[in-house]
Amino acid sequence: MTTSIQQEIENLGPWFHNIHLPDGTQTAPKHAFGDFPAFKWREIEPNIPADLNGWNVLDIGCNAGFYTIELAKRGAQVLAIDVDPHYLKQAAWVADQFGFTDQIEFRHMQVYDVARLDQNFDLIWYMGVLYHLRYPLLSLDILSQKLKRMMIFQTLTLPGEAVAEVPEDLPINGREKMQQDGWPKMAFIEHRLAGDITNWWAPNHAGIEAMLRSCGFKIKSRPGHEIYICEPDAENPTQLHSWNSSEYLSATGQNWEEAVKAKVADKNRTLTS
Ligand SMILES: C[S@@+](CC[C@H](N)C(=O)[O-])C[C@H]1O[C@@H](n2cnc3c(N)ncnc32)[C@H](O)[C@@H]1O
């Protein structure tokens, strides 16, 4: 007996992505957000080249692969990663339905594992993951090392669009300034948000701008609520290469002591020359 597509969808559920399969069946037609994430894709897609042939794409937290499929349709080669085997199983099945198995590779990976990939990406798709992390800034530092052209970034945020002018320095007794509206902030969620124990941080808009800047990204546009299109900022590279490179190396399991020794030797050479 052959299992119907509808039966396979039910067996693979529950679904977070409503994917319109080639035969017209949908994976989550009664999604609480509506036709999700198709309505978000419609906001973003005019900003993505129609022809992605030759582009290497990394989709982080690919879930059931809605964006992976759309990018593969445009010709991209996609590495799609997720920590949840349930979603990867859905994504592999969906890719099979579309016949994209040659263009897409799925891997069971943490975003932090990207630090160990010896590959860079033309496009990094980083939507709906940052607020699930306990170490969000580390993920952005890692991705800035791997980005060649464009990153699509989205996160859950705190309400408000204000951006305060942040001085180059702040006196130790001037910290009340950080309480003003528009100061870059992230609220920590110790327990749950929307009943979900995997939500840890909610940055405000100013906080997102500041973090992206600090990690070496330039915001090019904002096609929708909480969505940021970024590119590498050649004039303002990530601050991990300055005083805190050893912290980054340590956090990504690399040999940081050698890096510190090399830096000290370099400094001594400059002082004696
Ligand atoms: C809210 S969903 C977003 C899915 C999709 N990116 C989107 O925007 O529609 C979060 C996804 O990220 C995955 N995820 C959570 N933490 C992750 C991590 N540390 N590394 C990789 N994926 C992660 C989850 O399993 C889930 O599929």
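Which helix holds the place of Thr68? Keep that in mind while you load the model, which is a predicted one.

**Stop 1: the ligand.** Select the ligand and its surroundings.

Stop 2: Start with His17. An N or O atom in the His17 side chain sits 2.8 Å from an oxygen atom of the ligand. Move to Gly61. Here the backbone takes part: one of its N or O atoms is 2.8 Å from a ligand nitrogen. Then select Met127. A polar atom of the Met127 backbone lies 2.7 Å from a nitrogen atom of the ligand.

**Stop 3: the pocket.** Hide the ligand and look at the space left behind. That space is the largest pocket.

**Stop 4: Thr68.** Select residues 66-73. This is helix H3, and Thr68 is in it. Is Thr68 buried or exposed? Its relative accessibility is 0%. The cut-off for buried is under 20%, so Thr68 counts as buried. The side chains of Thr68 and Asp59 are joined by a polar contact of 2.6 Å.

**Last view.** Show the ligand again with His17, Gly61 and Met127, then label the distances: 2.8 Å for His17, 2.8 Å for Gly61 and 2.7 Å for Met127.

Notes. Residues numbered from 1 in each chain as written. Predicted model: local features only at pLDDT ≥ 70, side-chain atom pairs only at ≥ 80, totals over all residues. Heavy atoms only, no water. Polar contact = N/O pair within 3.5 Å; in protein donor to acceptor, adjacent residues only side chain to side chain. 1 Å grid on protein atoms, 1.4 Å probe; cavity = no way out; pocket = protein on both sides within 12 Å on 5 of 7 lines; lining within 4 Å. Sits in = over half its atoms within 2 Å of the grid points. Helix = DSSP H or I, 4+ residues; strand = E, 2+ residues; numbered from the N terminus. Buried < 20%, exposed > 50% of the residue type's maximum accessible area, 1.4 Å probe, protein only.
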